[in-house]
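Visitor: I'd like to learn how to read a structure like this one. Could you walk me through it?

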Amino acid sequence: MRPLLLALLLLAGCSNGPRRVVEERAFAGDAPRGDALLRTTMIEAHNRARAAVGAAPLAWDAMLAADAQLYALELARTRRFAHSTGVRGAVPEGENLWTGTRGAYTYAEMIGHWLAERRFYRRGITPDFSTTGKWQDVSHYTEIIWSRTTRFGCAMARNASDDYLVCRYTPPGNVVGEVP
């Protein structure tokens, strides 16, 4: 039996703190890393999810990626895992966060956790778009597919034990009273 690794996955706005996710590894050693691989994986996964709901593809934005990098570094340094507060960047930005055991998850698995929220999504006016009754259960997914969003950027940082992925979106999604 393969060893199990623990990862923390926080659903945006979850008041009970991070939820523990335990998964078997499909590979030995650390997952592949690098800026080019991160960018390619994120662009492909975001735009595949958007195409599935008829939303236009997102463009990669280097400034959003730079903002995401600064916050990912802060999360890794402080070992804090919470959404940023206040103004994010030069333009309004939405945000998705992910954290897990250092080197244990591929970029595709990281975004896969967000995309898996689709199973609880139903088309509706924000915040009434979750079959569970909790908008937080689908808020990463809806940020990704938000039809008015046009650009995004992602970055990752790590400390001795954890990886932190941050993606920033503009215009931001999850706007109360609007449909994703």
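Guide: Let's start with helix H1 (35–52). The expected span of a helix is 1.5 Å times one less than its number of residues, so the 18 residues of H1 should span 26 Å, and the end C-alpha atoms are 26 Å apart, which agrees. Helices (H or I, at least four residues) and strands (E, at least two) are DSSP runs, numbered from the N terminus. After H1 comes Gly-54, with a positive phi near 80°. One caution: this is a predicted model, where local features need pLDDT of at least 70 and side-chain atom pairs count only at pLDDT 80 or more, while totals for chains, interfaces and linings use all residues. Residues are numbered from 1 along each chain as its sequence is written, and side-chain values use heavy atoms, with hydrogens and water left out.

Visitor: Which residues of H1 are buried, and what do they pack against?

Guide: Buried means under 20% relative accessible area, exposed over 50%, and partly exposed in between (1.4 Å probe, protein chains only). In H1 the buried residues are Leu-38, Thr-41, Met-42, Ala-45, His-46, Asn-47, Ala-49 and Arg-50. They pack against strand E3 (59–60), H3, H4, E5 and E6.

Visitor: How do I read a nonpolar core?

Guide: In soluble globular proteins, nonpolar side chains tend to be buried together. A nonpolar core here is a set of buried Ala, Val, Leu, Ile, Met, Phe, Trp, Tyr and Cys residues joined through side-chain atoms within 4.5 Å. The largest one has 25 residues, and Met-42, Met-110, Trp-114, Ile-144, Leu-165, Cys-167 and Tyr-169 touch the most other members. H1, H3, H4, E5 and E6 each give two or more residues to this core. Apart from it lies another core, of 11 residues, including Ala-68, Leu-75, Ala-76 and Leu-97.

Visitor: And how many aromatic pairs are there?

Guide: A pair of aromatic rings is described by the distance of the centres and the angle of the planes. Rings of Phe, Tyr and Trp (its six-membered ring) pair if their centres lie within 6.5 Å; planes under 30 degrees apart count as stacked, over 60 as edge-to-face and the rest as tilted. The structure holds 6 such pairs. In one of them, Phe-152 and Tyr-169 are stacked, at 6.1 Å centre to centre with 15° between the planes. Phe-152 sits in strand E5 (residues 151–158) and Tyr-169 in strand E6 (residues 162–170), so the pair ties together parts 17 residues apart in sequence.

Visitor: What about charges: which residues does Asp-163 pair with?

Guide: Side chains of opposite charge can pair when their charged atoms come close. The rule for a salt bridge is a side-chain nitrogen of Lys or Arg within 4 Å of a carboxyl oxygen of Asp or Glu, and by it the count comes to 8. Arg-33 forms one with Asp-163, the closest N and O atoms being 2.6 Å apart. That pair links distant parts of the chain, since Arg-33 is in the loop between strand E2 (19–24) and H1 and Asp-163 is in E6, 130 residues apart. Asp-163 also bridges to Arg-158, with the closest N and O atoms 3.0 Å apart. Shared partners join Arg-33, Arg-158 and Asp-163 into one network.

Visitor: Is Asp-163 buried or exposed?

Guide: Asp-163 is buried, because its relative accessible area is 0%. Arg-33, at 25%, is partly exposed.

Key
Contact means heavy atoms within 4.5 Å.
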